[in-house]
Amino acid sequence: MENGVIWRFQGNKVLDPASTISLRGVLEQVIGNLSTDDPRPTIPLANGDPSQFACFRTCTIAEDAIVDALRSAKYNGYAPTVGLLSARRAIADYLNRDLPYKLSADDIYLTSGCLQAIEVALAAIGRPGANILLPRPGFPFYESRAAYGLLQVRHYHLLPDKGWEVDLDAVEALVDGNTVAMVIVNPGNPCGNVYTYDHLKTVAETARKLGILVIADEVYGHLTFGSTPFVPMGVFGSIVPVLTLGSISKRWMVPGWRLGWLVTTDPNGAFHKSGIVESITGYLNISTDPATFIQVCDAEFSFFFFFL
């Protein structure tokens, strides 16, 4: 009470535990404990943002395309909530290089970075009492968004002695009637593993047997070292429906441009029949969009996907 007034508002308490399990939440806690009077420089212990280092810079083709888009004055307005058609076609063509079937622009949804793609995916599958399977170790943002969206989380372990493969026996033991999806991160974060074709196919077959979809976080797609090539989970979309997540942040070293995508890699149409597509578009209708000029991709401004 303040001078006889009882304020009826209060902070959303769901956000407090959600932020503490995110990388940003932990980083803010560390920074908050640093003395502002200490003149010593801080030393970054990770390369989460490659653009901070002079040796990492995107190609001039990409930079020129953005400059031309801005100067054209054609991209100063609002874009469709699902993204510019030309950009969605370009991303579909780019992803189709690695798939046994063809995606169309209708399968592509542009997001403000891959983090928003995660938000959209979890919102689309969420329902009261639902749970989702997450890898351990994994990317903590999934726990944060699940906590905020009231999705229950169950963790399956990755097997270090087998190249951090998914423990599929554990996955089967965790699933119940409320399990809706499992998340895989490939190439792996934080372990750096790259799954083989055979392992991904077994993951797809297991998910199909359990009746759950796969969310494939492929933000590090094609950033691989060693002898194991990157195989998109969407290759197995005819076995199990896959929500593929990606962005230009890592491979093209421009995380601040905030352009990502969510893709329904589902040639059998399960996402349409189950209402997932409708949920995705519904969420995008009430959320923010990536900047229009970042999405530019047409005959006049060549999108830099085609130069890689």
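This section describes the cores, cavities and local backbone features of a predicted model.

Residues are numbered from 1 along each chain as its sequence is written, and side-chain values use heavy atoms, with hydrogens and water left out. Because the model is predicted, local features need pLDDT of at least 70 and side-chain atom pairs count only at pLDDT 80 or more, whereas totals for chains, interfaces and linings use all residues.

In soluble globular proteins, nonpolar side chains tend to be buried together. A nonpolar core is here a set of buried Ala, Val, Leu, Ile, Met, Phe, Trp, Tyr and Cys residues joined through side-chain atoms within 4.5 Å. Buried means under 20% relative accessible area, exposed means over 50%, and partly exposed lies in between (1.4 Å probe, protein chains only). The largest nonpolar core holds 47 residues. Those touching the most other members are I108, V166, M182, I184, M233 and W261. Helix 4 (residues 85-96) gives this core its largest share, 5 residues. Helices (H or I, at least four residues) and strands (E, at least two) are DSSP runs, numbered from the N terminus. A second, separate core has 34 residues, including L122, I132, L262 and F271.

Rolling a probe the size of a water molecule over the atoms shows where empty space is left. On a 1 Å grid over the protein atoms alone, a cavity is a set of points where a 1.4 Å probe fits but cannot get out; lining residues have an atom within 4 Å of a point. Grid points are joined across faces, edges and corners, and a volume is the space filled by probe spheres set on the points. The structure holds 3 cavities of 30 Å³ or more.

The largest cavity has a volume of about 230 Å³. Its lining comprises 20 residues, and Y94, L95, E218, H222 and F230 lie nearest the centre. Helix 4, strand 7 and strand 8 (260-265) each supply at least two lining residues. Strand 7 gives the largest share, 4 residues. By class, the lining has 10 nonpolar, 7 polar and 3 charged residues. Ala, Val, Leu, Ile, Met, Phe, Trp, Tyr, Cys and Pro count as nonpolar, Asp, Glu, Lys and Arg as charged, and the others, Gly among them, as polar.

H222 also has a positive phi, near 75 degrees, and is not a glycine. H222 sits in the loop between strand 6 (213-217) and strand 7 (242-247). At 33% relative accessibility, H222 counts as partly exposed.

The second largest cavity has a volume of about 60 Å³. Strand 3 (152-159) and strand 5 each give two or more residues to its lining. The lining divides into 9 nonpolar, 3 polar and no charged residues. P137, N189 and P190 are among them.

Both of these prolines follow a cis peptide bond. R136 and P137 are joined with omega about 0 degrees, and N189 and P190 with omega about 20 degrees. P137 lies in the loop between strand 2 (131-136) and helix 6 (141-148). P190 lies in the loop between strand 5 (179-185) and helix 8 (197-210).

Helix 6 is mostly covered, with 6 of its 8 residues buried. These are F141, Y142, E143, S144, R145 and A146. L150, which follows helix 6, has a positive phi near 60 degrees.

Conventions
On a 1 Å grid over the protein atoms alone, a cavity is a set of points where a 1.4 Å probe fits but cannot get out, and a pocket is an open set with protein on both sides within 12 Å along at least five of seven lines; lining residues have an atom within 4 Å of a point.
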